[in-house]
Every structure is written in structure tokens, then in C-alpha cells.
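Visitor: I would like to learn how to read pockets, charge pairs and surface patches. Can you take me through them?

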Amino acid sequence: MAEGDPVTINVTRTGGTAAASINYATLDGSASSPADYTGTAAGVLNFDAGQTTASFTVTALSDLSLESPETVNLVLFGGNVSNPSILTINDVPPPTRFFFSQDTYSVIEDENALITINRSGDLSQPSEIFFGTADDTAQSRIMPSDYIPVFQQIIFEPGETSVQVPVQTLFDGFAEFSETVDLVLIGSSVDSPVRGVLTIIDRESMFGRQASFFDGSSRDPITDGGSGDFTTLNRTGNTSLSASEDYLIAPRGGQPVNNVGYNISPFAVNPSGGTVNINPGQTPVSLTNNNLPDLTGGVGNSGLDPGSIGRPASTKITLI
């Protein structure tokens with residue numbers, strides 16, 4: 001018999017035709033009750049006068065396991081009986097079903113989310129399901145987009161139980177609340193969860209807002225032949241990462257020129273400026289201005305290159 005089917009067990013008598021009875025029982029073999037089959041564990045079969053056949057019923061139960069055939073022992077006792085009979089339950093592979101590995105996923109903005117789709121049931125054959133994304137609070141059809149939409153056929157090879165599908169999220173440059181994408185399985189053979197939610201966590205909310213750079217305040221004049229430190233770069237926001245920012249030396253007309261009337265250390269710079277490199281956690285950064293002796297005094301400006309610039313964006317350097 002096959003899993004999920006009832007089977008009628010017929011008991012036949014031979015010899016006398018008078019009314020009679022016989023006891024019967026079902027005993028576990030490799031199949032066990034009530035997990036694999038149901039039926040009266042023990043009972044009595046009554047034969048009327050002239051009746052040659054009586055019966056009882058055993059029902060095999062379906063499960064989601066792939067397994068070998070299982071057996072139930074059928075026993076008669078209380079009379080002259082033949083050897084016990086064996087009922088064999090043949091496995092019926094459950095149909096292939098598809099479902100998400102979980103109903104919620106999360107990813108940091110600008111990273112790839114891997115969505116896992118599982119299948120159960122008969123894994124011996126290839127099978128397929130469709131996976132798609134749908135806008136919720138996250139948007140894929142306006143600019144700047146929050147993620148790249150996906151709609152594709154997912155193929156499972158024989159024996160394969162799970163497939164991962166990437167969903168690429170995008171950086172939009174805005175500080176915002178977390179946003180969500182609906183995940184959907186499309187097909188007739190789907191199990192719970194058939195829908196999922198991908199939460200896109202705003203990068204700036206996770207790591208702090210993008211760093212903003214600003215220059216230091218103007219310092220006291222630097223005497224001829226002397227030197228003085230000045231803060232050329234501060235930053236706020238996300239200071240946990242390394243960063244770099246260009247700064248410019250912009251002399252006013254007729255005023256000192258970098259690397260001519262003075263120089264700035266420790267950074268080797270060209271006359272028009274240089275790059276300040278900042279280590280994780282470092283802020284501010286100071287440079288030293290060396291006023292070369294016996295040269296023209298005056299006021300020059302040190303400023304930051306356009307970018308994520310706060311205020312002030314420049315500082316005065318006064319040489320006397």
C-alpha cells in the first residue's frame with residue numbers, strides 16, 4: 001500500500017461454516033503507530049454462519065520524510081491460524097515546496113543582500129520557482145534609487161535544497177530612516193514564509209553622518225624667520241574611518257607665495273597646496289608654517305578643496 005491510503009485486510013476461514021470468531025492485532029514492524037499508520041491495535045472478527053471472509057482496516061499516514069518501505073505485522077490468534085502476514089507501506093515522496101529561509105532580512109545601504117530560498121519534498125528532480133522584489137518604503141523606480149529590482153526564475157538542481165539570490169542596495173547620500181523591500185515567491189508550490197521583508201539600514205545612521213571638513217581659525221602672525229602651527233583640517237560626523245582632503249594655498253596679489261616666502265611642513269606640497277591624510281579617529285590635523293627670513297610679509301589664505309566642507313572653509317596665514 002502507499003502512504004496516505006487506507007487498506008482493507010481480509011481474513012478468510014476454511015473448513016467449518018458455523019458462526020465463529022478470531023482475534024486480530026497490528027504490531028509495529030519498521031513502521032510505528034500512530035506516526036506511520038492508524039487502525040485498531042487489537043480486535044475481534046466475527047464470522048456469521050456460512051460467512052467465509054471478514055475484514056478490518058489499516059490506514060497508512062503521509063509524512064514529509066523520504067524513506068524506505070516500512071512494515072506492519074498483522075497477527076491472528078485464538079484459533080487455528082496460519083503464519084502472521086506483513087503489510088508493507090511504500091513511501092510517497094512529498095511534493096516539492098519552496099519557502100524563504102526567514103521572513104526578515106537586513107542589509108546596510110550600498111551592500112548586497114543575499115536572500116535564501118529553500119525547498120523541501122522530492123529533491124531528486126530539478127525544479128523552479130520565481131522570485132521577485134517590490135517597492136515598499138524603499139524605491140527602485142525613482143532617482144536616486146534605493147535598490148536594484150529583481151524578478152527572476154530560480155532553478156534548483158537535483159539534490160539542491162537552497163539557493164541564494166542577491167539584491168543590490170544603493171547609496172543615495174541621504175540621512176534617512178531604514179527602508180523596506182517586499183520579497184515574494186511566485187508559483188503554485190510555496191510554503192510559509194512565502195513573503196519576506198528586506199530592511200535597508202541607512203549607512204549614515206549606522207556609522208554616523210558623512211564626515212564634514214572645516215578649517216581652523218586664523219592664528220597669530222608668524223614673525224620673520226619664525227614658525228607656527230595652524231589647524232588646517234577638522235572633521236565632524238563619521239570619524240571612525242580614514243579620510244583625505246585637499247587643501248589649497250591661495251596667496252593674495254603681491255603677498256607671500258608658498259615654497260617661496262614660506263613653506264608648510266610636514267607635508268610636501270606644491271605651491272598651490274597638498275593633501276591631508278587623516279587616520280581613523282584623528283581630528284584635528286595641524287601643520288607648521290615656516291616663515292623664511294628676510295622675505296616679503298603679508299597675508300595668505302589656506303583653504304579646503306570643494307567637497308563635504310563645513311565652516312570656516314579657509315583660514316588666514318599672516319607673515320611679518
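Guide: Start with the largest pocket. Its lining holds 6 nonpolar, 7 polar and 1 charged residues. Keep in mind that this is a predicted model.

Visitor: How much space lies in the largest pocket?

Guide: The general idea comes first. Rolling a probe the size of a water molecule over the atoms shows where empty space is left. Here, the largest pocket holds about 320 Å³ of space.

Visitor: Which residues lie nearest its centre?

Guide: Thr12, Arg13, Ile22, Asn80 and Val81, out of 14 lining residues. Two elements, β1 (6-12) and β2 (20-28), each give two or more residues to that lining. The largest share comes from β2, with 3 residues.

Visitor: Now the charge pairs. How many salt bridges are there?

Guide: Side chains of opposite charge can pair when their charged atoms come close. The count here is 2 salt bridges. In one of them, arginine 97 meets aspartate 191 at 3.0 Å, N to O. This pair links distant parts of the chain, 94 residues apart: arginine 97 is in strand β8, and aspartate 191 is in the loop between β14 and β15. Arginine 141 also pairs with aspartate 135, with the closest N and O atoms 3.8 Å apart.

Visitor: Is arginine 141 buried or exposed?

Guide: Exposed, because its relative accessibility is 66% and the cut-off is over 50%. Aspartate 135 is partly exposed, at 25%.

Visitor: Which residues make the nonpolar surface patch?

Guide: Phe130, Phe151 and Ile186 make it, over about 290 Å². Phenylalanine 151 sits in strand β12 and is exposed, with a relative accessible area of 58%.

Note on methods
Residues numbered from 1 in each chain as written. Predicted model: local features only at pLDDT ≥ 70, side-chain atom pairs only at ≥ 80, totals over all residues. Heavy atoms only, no water. Patch = residues over 30% accessible without salt bridge, like charges linked within 9 Å, V, L, I, M, F, W, Y side chains within 5 Å. Areas by Shrake-Rupley, 256 points an atom, 1.4 Å probe, with all protein chains shown as cover. Salt bridge = Lys/Arg side-chain N within 4 Å of Asp/Glu carboxyl O. Helix = DSSP H or I, 4+ residues; strand = E, 2+ residues; numbered from the N terminus. Buried < 20%, exposed > 50% of the residue type's maximum accessible area, 1.4 Å probe, protein only. 1 Å grid on protein atoms, 1.4 Å probe; cavity = no way out; pocket = protein on both sides within 12 Å on 5 of 7 lines; lining within 4 Å. Points joined across faces, edges and corners; volume = space filled by probe spheres on them. Nonpolar A, V, L, I, M, F, W, Y, C, P; charged D, E, K, R; others polar.
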